[in-house]
Structure formats: C-alpha cells, structure tokens
Amino acid sequence: MREMLISVALGQVLSLLICGISLTSKYLSEDFHANTPVFQSFLNYILLFLVYTTTLAVRQGEENLLAILRRRWWKYMILGLIDLEANYLVVKAYQYTTLTSIQLLDCFVIPVVILLSWFFLLIRYKAVHFIGIVVCILGMGCMAGADVLMGRHQGAGENKLVGDLLVLGGATLYGISNVWEEYIIRTLSRVEFLGMIGLFGAFFSGIQLAIMEHKELLKVPWDWQIGLLYVGFSACMFGLYSFMPVVIKKTSATSVNLSLLTADLYTLFCGLFLFHYKFSGLYLLSFFTILLGLVLYSSTSTYIAQDPRVYKQFRNPSGPVVDLPATAQVEPSVTYTSLGQETEDEPHVRVA
C-alpha cells in the first residue's frame with residue numbers, strides 16, 4: 001500500500017509541474033501576447049544541455065559524450081525531433097480547435113503508450129490495469145463535460161479538423177517519446193537520455209526558432225514581468241524533464257501518462273483564484289475519479305514477458321514473484337522492480 005501511494009504521489013508532482021507550465025504559458029500568451037512556444041522549448045533544451053550534456057562531456061570511457069554519439073547519434077537525433085515536434089503540435093492545436101477537444105483527444109497518448117509498451121517493452125497488463133485506465137479516461141470525460149456546462153469549451157474553433165489532427169499527431173509523438181524514454185532509462189541511464197535530448201533538442205529547436213518564430217520573438221514587449229514568466233516556465237519545464245525519468249523508472253510510462261491527466265484539473269483549481277473561473281462539483285468528481293483509476297492501476301503489478309515460458313515481475317514488489325521450476329534454464333537477472341532494489345547480477349543491457 002505504501003509503495004502504491006508513493007507511486008501515485010510522484011505522478012501528482014509531475015502534474016503540478018505541468019500546472020506551472022500551463023499557468024506561465026497562459027500569462028505569456030493572453031496577458032503579454034507572447035506566442036513563442038518554440039522559444040520556450042528552446043530555453044528548456046538549453047538548460048538540459050548545460051546541465052546534462054556537459055556532464056556527459058566530462059565523463060570518461062563509454063559514458064563519454066563522444067563515445068555515445070559514435071554509437072547512437074542517429075537514434076537520439078530522431079528522438080530529439082520527436083520530442084520537439086510533440087510539444088509544438090499540441091501547442092499549435094490551440095489556434096484551431098477547442099480546449100475540450102484538446103483535453104479529450106490528448107488522451108490518445110494512453111493507448112499509444114500501452115500498445116508500444118506491449119510490443120517493444122514486452123510489458124503485459126492484467127484486467128485491473130485496463131479497468132483503472134478506463135476509470136481515468138471517464139474522469140477526463142467528466143471534466144470535459146463540466147467545461148461545456150461552465151462555458152470553458154470555447155476556443156478558436158476554426159479549422160477544427162486541422163486542430164484535432166494536430167492533437168492526435170502530438171499525442172502519438174508523445175507516446176513514442178515516453179516509451180523510448182522508458183527503454184533508455186532502464187537499459188542505459190537517465191543522464192544519457194537527458195543529455196542527448198538537451199543536445200539535439202537545442203539544435204533542432206534553434207533551427208525551428210530561427211525559421212518560424214524569430215518575428216514573434218521580436219514582438220515580445222520585454223520587461224521584468226515577462227522575463228520572470230519565462231524563468232518560471234523554464235524552471236517548471238526543466239523540473240518536469242529531470243524528474244519524469246525518475247518517476248518512469250519507479251512506475252512506467254503508462255502510469256505516468258495516467259497521472260498527468262490531473263494536470264488540467266490543477267490548472268483549473270488555480271484558475272478559480274487567478275482567472276475567476278466558474279466552479280462546478282463535476283470538477284471535484286473528475287479529480288477523485290482519476291485518482292481512483294490511478295489507485296486501481298497501481299494496485300497490481302505489471303510484468304515483462306521476456307521468455308514465452310516465464311513472466312517476470314516488472315514493478316510493485318508487494319505483488320507475487322513467480323518462482324521458476326527447478327528444471328527451467330533461464331538467464332540470470334529477471335526482476336525489474338522499479339519500486340525496490342534491482343537484482344545485482346542483472347546484466348547492463350546496451351543498445352548497439
């Protein structure tokens with residue numbers, strides 16, 4: 001029970017960071033007319049570069065930046081592009097479709113993560129996991145319904161189909177990025193992932209900024225308030241990127257994306273005081289419904305099918321560990337217990 005509550009609580013920390021990102025972006029866009037999503041991403045990638053890429057640069061041996069680039073540069077280049085464009089597509093969608101559509105369609109990331117985790121990470125789910133996922137999505141539907149009743153569903157609404165497709169594209173890229181991230185931090189290291197994301201993210205966002213957003217950046221009415229908002233946004237974004245691999249390793253990419261469903265609700269609760277949003281009891285119902293789904297999902301272990309004869313426990317050490325028959329010949333190292341200690345003789349798998 002304690003480990004399950006820790007898992008849920010860690011996910012809510014990520015949601016609070018996203019809440020900070022949303023609030024600072026809202027102030028920049030609506031109060032100061034600073035529509036600079038690429039520049040904001042660029043600031044985050046620069047911070048990742050300064051902290052994590054430089055850490056890799058001073059390491060020795062196979063963990064050195066140049067050694068990593070020689071072996072896997074093209075893979076991280078693709079991942080950096082995916083991560084950058086996932087952020088851009090969802091932000092861009094706000095110009096075309098409604099808030100409600102974005103909230104609902106953004107949930108498409110969950111089936112994407114589940115399918116990719118099943119086929120590429122070999123994660124296997126039980127019935128209670130799917131029940132928890134359905135309950136979480138019902139909670140999101142409840143929140144969208146409350147938005148409609150409270151009149152918060154209005155948005156640009158022009159070329160709605162274009163906006164909806166942008167959201168689905170962004171959600172798909174988010175799912176690919178999250179599953180790839182989980183694979184890297186389990187087989188390689190968190191610092192390597194963040195360092196390479198910082199390197200290629202800064203490179204590609206810098207190019208995209210120069211091509212697409214340099215005019216918008218010149219229109220920003222710079223003063224100390226805007227500067228403080230950019231600092232706040234960058235701090236929350238950097239915290240999200242730095243902390244998310246820790247939570248993914250302790251739980252999973254699927255669990256993290258379910259936890260992030262509450263981020264819109266935290267933003268809404270802050271908006272009750274900051275922007276005088278109207279309150280509805282459905283928002284509280286939605287919040288507790290999502291939390292119930294998270295508890296259901298976290299209550300039972302998922303497992304990895306590394307061998308067709310053997311299912312290996314993946315997380316939540318409170319669950320039962322499958323004992324192997326005495327005659328079975330299996331590889332050493334079986335348990336990826338992200339909420340407990342990992343097996344010492346587990347081989348350190350590397351990507352070719």
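This is a predicted model: local features need pLDDT of at least 70, side-chain atom pairs count only at pLDDT 80 or more; totals for chains, interfaces and linings use all residues.
I started with E216, which is partly exposed at a relative accessible area of 29%.

**Entry: the partner of E216.** Which side chain meets that of E216 in a salt bridge? I found K219, with a distance of 3.9 Å from N to O. I noted that this pair makes the list because a salt bridge here needs the nitrogen within 4 Å of the carboxyl oxygen. I looked up K219 too, and it counts as exposed at 58% relative accessibility. Both residues belong to helix α8, 3 residues apart, so about one helical turn separates them.

**Entry: the count.** I checked how many salt bridges the structure holds, and the number is 4. I reminded myself that side chains of opposite charge can pair when their charged atoms come close.

**Entry: E182 and R186.** I moved to helix α7, which covers residues 160–187 and holds both E182 and R186. They sit 4 residues apart, about one turn of the helix. I read 3.2 Å between their closest N and O atoms, and they form a salt bridge. Are these two buried or exposed? I found E182 buried, with a relative accessible area of 0%. R186 has 18%, and I count R186 as buried because the cut-off is under 20%.

**Entry: E192 and R72.** Here I found a salt bridge whose closest N and O atoms are 2.9 Å apart. I then asked where in the chain the two partners lie. E192 is in helix α8 (residues 190–219) and R72 is in helix α3 (residues 65–93), so I noted a link between distant parts of the chain, 120 residues apart. I looked at burial as well: E192 has a relative accessible area of 1% and is buried, and R72 is buried too, at 2%.

**Entry: helix α11.** I turned to residues 263–274, the 12 residues of α11. From the first C-alpha to the last I read 16 Å, close to the 16 Å expected at 1.5 Å a residue. Which of its residues are buried? I listed A263, L265, Y266, T267, L268, F269 and G271. I then looked up what these buried residues pack against, and found α1 (2–31), α6 (127–150) and α12 (281–298).

**Last entry: just past the helix.** I followed the chain on from α11 and stopped at H276, which takes a positive phi of about 60°.

Notes:
Residues are numbered from 1 along each chain as its sequence is written. Side-chain values use heavy atoms; hydrogens and water are left out. Helices (H or I, at least four residues) and strands (E, at least two) are DSSP runs, numbered from the N terminus. The expected span of a helix is 1.5 Å times one less than its number of residues. Buried means under 20% relative accessible area, exposed over 50%, partly exposed in between (1.4 Å probe, protein chains only). Contact means heavy atoms within 4.5 Å.
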